[in-house]
Amino acid sequence: MILHFNQITKDNKKFIDDIVGKPFTLYQAFKMGGIGSKRMSIDNTSENIYHLLNSTSDINYSNIELRPNGIIVMINKGLERYHWVIPFRQLVIYKTDKLSIHAQGKYITFKNNKSYKENKKFIDKIIDMKSDNQKKYAMPIYG
């Protein structure tokens, strides 16, 4: 779900916390080595996200915030801010020559440049947390 997030309200915070969990504490974030990505250059998006990008020839950037049960992809369009809230159960990540995040019938692809390489450890952390999260809901195997 994509939220227009210029004004933070209690309802918005509660909605996000219900979907992807409350933010990590400062201690937890420090212990994990960080919970936010550096900005990444957007290469391509699905049509239902494209309208959120700057229409000029400027480079579009995005950040990712890690939460206990998912991620938030933050997109800035001028002074407007949008948050794409993705629980782990809906998240699909493709790491080829570019990074691609898919969920809820939408996708966003990031350029393979210096910022992508700087975020490699963070992306691996997201994949590990998604894997751990899926183990909680794994079907039992009876023999």
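Reader: How do β2 and β3 pair?
Author: They run antiparallel and share two bridges; strands count as paired if DSSP finds at least two bridges between them. M40 sits opposite S62 in β3. Strands (E, at least two residues) and helices (H or I, at least four) are DSSP runs, numbered from the N terminus.

Reader: Before we go on, what are these values based on?
Author: This is a predicted model, where local features need pLDDT of at least 70, side-chain atom pairs count only at pLDDT 80 or more, and totals for chains, interfaces and linings use all residues. Residues are numbered from 1 along each chain as its sequence is written, and side-chain values use heavy atoms, leaving out hydrogens and water.

Reader: OK, what's the strand order in the open sheet?
Author: Its eight strands go β1-β5-β4-β3-β2-β8-β7-β6, with antiparallel pairing. β1 (2-4) and β6 (92-95) are at the edges with a single partner strand each, so one side of each has no neighbour in the sheet.

Reader: Switching to the core: which residues touch the most other members?
Author: In the largest nonpolar core, with 29 residues, those are I64, L66, I71, I101 and I126. A core here means buried Ala, Val, Leu, Ile, Met, Phe, Trp, Tyr and Cys joined through side-chain atoms within 4.5 Å, buried being under 20% relative accessible area with a 1.4 Å probe, protein chains only.

Reader: And which element gives the largest share?
Author: α5, with four residues.

Conventions
Buried < 20%, exposed > 50% of the residue type's maximum accessible area, 1.4 Å probe, protein only.
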